[in-house]
Amino acid sequence: MAEVFVAKFAEFPDGERKIVQHGAHDIGVFHWEGQFYAYANVCLHQGGPACEGLIMHQVEDVIGPDKTLVGQKFSDTQVNFVCPWHGYEYDMKTGECVPDRRLRLKKYNVVRRGDDVFVSI
Amino acid sequence: MDLPLSSDRTWRVDEFDSGKALAHAAKQAKQRNYDQFPIIDVDSHHYELESFNEILEYMPDPVLKQLAKMANSGNSKGVGVMPGGVGYQDMGGRAIRYPLRRIEKTEPGVHRDVSLTRRWMDVMGIDIAVLFPSPMLQLGLHPQVEAEVSLATAYNRWLSERVLAEESRIRSMIYLPFNDPDASYRMVKEFAGKKGVCGFMITSVRFRPVHHNSYMKVYSAIEETGLPLAFHAGYNWGEQSMGMMNKFIAVHALGFVWYNMVHMTNWVLNAMPERFPKLKVIWIESGLAWLPFMIQRLDNEYMMRSSECPGLKKLPGEYITDMFYTSQPMEIPRDMSLLESTFKCIKAESQLLYSSDYPHWDFDLPSTIYDLPFLKEKAKRDILGGNAVKLFNLDIGAGKRTKVA
Ligand code: FES
């Protein structure tokens, strides 16, 4: 298993993402709330750059105790990255496709060595 | 520009290039050898309101022209002049090209629409694209019939002179101001034979019965040209039944099929294919899943109530499978045998025409057809281009033409 350099830790602030291309590998690496996540940057829909779009919190319905719809909000915990081509949303923590969690992007391990961040391929 | 995101965050993006955003499509084109055979995109779009000031210069009616120019003078993109309103095509910016197209740069000296269209065509491997407007798909809802006519006239003349004349790889089917049959007839006469004109198009979102006697001269005139007539689907959240829906997904999913269902039902049951046997008809942007429904539903009722449709010489479904369909937005079911049955049911190998609908949010790449496991190579190539080359009698250059025969 090889390790591919992603970025210097200091140049990869929380909330940002980097795209790493290495041979046939096209990988999106996210730094989100102190953790790194890396996934294949090829969407399961039509092959779009799944990791290059918006990072959005999951939209949630707020249902009252009487089952009425009170409104909508953004999740406090779940965040998704969105494929920019047609909007497929992927769970940042798992790479699962949110509308159908049976589908998921290939996940890669991210390692920090001193000041450097690498992804294992 | 700063894009507003969830939880009051923003994302700063300083440049956008749709060609780069489609880099994965370029890779697909190379892997699948799209340069070996023609790919014709029978439904794609531009955003005509970005050129609205240019278009308004072509308006024939001086009073409407002044009203429209004034309404657009604050760069308000036709507010007050164009119908249509609520609709979240961009999914809150998730389809990121919507907000970012504002900052996309184009080549100097080339019309912006030509430059942007060539850019995505080249990346996707498209040889010829049939281009349609975007907001004007709802122009049939304009309460003033004369405004539809005037705006359509201006748009068609502008498109012809500024876009179609400049790039032969871009074609269009001319917008018919269908709320006025006489004006539609005049439009056919004015534009048939002009460079880049490959047919005539009725935007389906409107409330006119296509079988009304006043339209017969329009269809006759189109039939004489040998060019096809297309019905381009759309949505209308303002309609009463759609007003019951609280989500754009619902309005879009049903709306883009509903109007074409109505027009197709009228078209077939009033025996228009018998009255205009040489007129080729294309149904655009309703996907494919509605067609097995239409065929089964109409055939079943026709068997019991054929006395209401004495003009028919065969089953409604048999007329439906004689017509042409664009592929997008092609429903990809979890059970692919459903799609395979649909292809068989509509005689897709000869009647289906690939379309991207790019740059709209639900666009389809050529790979949506090329990667279908149940199609042979010849069928893939026919759907991606060969069927359109024959239907429109396109000149695509000798090299690729041989791949079609
Ligand atoms: S390719 Fe990613 S959403 Fe379609």
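## The interface and the sheets

The contact, meaning heavy atoms within 4.5 Å, takes 27 residues from chain A and 27 residues from chain B. This is a predicted model, in which local features need pLDDT of at least 70 and side-chain atom pairs count only at pLDDT 80 or more, while totals for chains, interfaces and linings use all residues. Residues are numbered from 1 along each chain as its sequence is written, chains are lettered from A and ligands numbered from 1 in the order in which they are written, and side-chain values use heavy atoms, with hydrogens and water left out.

Between chain A and chain B about 2000 Å² is buried, and carbon and sulfur atoms give 51% of this area; buried area is the accessible area (1.4 Å probe) that two parts lose on being put together, summed over both. Of the area that chain A buries against chain B, 34% is supplied by A:Gln46, A:Leu54 and A:Trp85, more than by any other three residues.

Across this interface of chain A and chain B the rule finds two salt bridges, a salt bridge being a side-chain nitrogen of Lys or Arg within 4 Å of a carboxyl oxygen of Asp or Glu. One of them joins A:Asp100 to B:Arg334, with the closest N and O atoms 2.6 Å apart. The elements that give two or more residues to the side of chain A that touches chain B are β3 (25-32), β5 (55-63) and β6 (69-82) of chain A, and β5(A) gives the most, with four residues. Strands here are DSSP runs (E, at least two residues), and helices are runs of H or I of at least four residues, both numbered from the N terminus.

Two strands pair if DSSP finds at least two bridges between them. The open sheets of the two chains are set out here.

| Sheet | Strand order | Pairing |
|---|---|---|
| Chain A, three strands | β5-β6-β7 | antiparallel |
| Chain B, eight strands | β3-β4-β5-β6-β7-β8-β9-β10 | parallel |

In chain A, β5 and β7 (89-91) stand at the edges with a single partner strand each, so one side of each is left without a neighbour in the sheet. β5(A) and β6(A) pair in the antiparallel sense over eight bridges, and A:Val62 has A:Gly71 in β6(A) as its bridge partner.

In chain B, the edge strands are β3 (40-45) and β10 (352-353), each pairing on one side only. Strand β7 (residues 229-232) of chain B runs parallel to β8 (residues 281-284) of chain B, joined by four bridges, and B:Leu229 stands opposite B:Val281 in β8(B).
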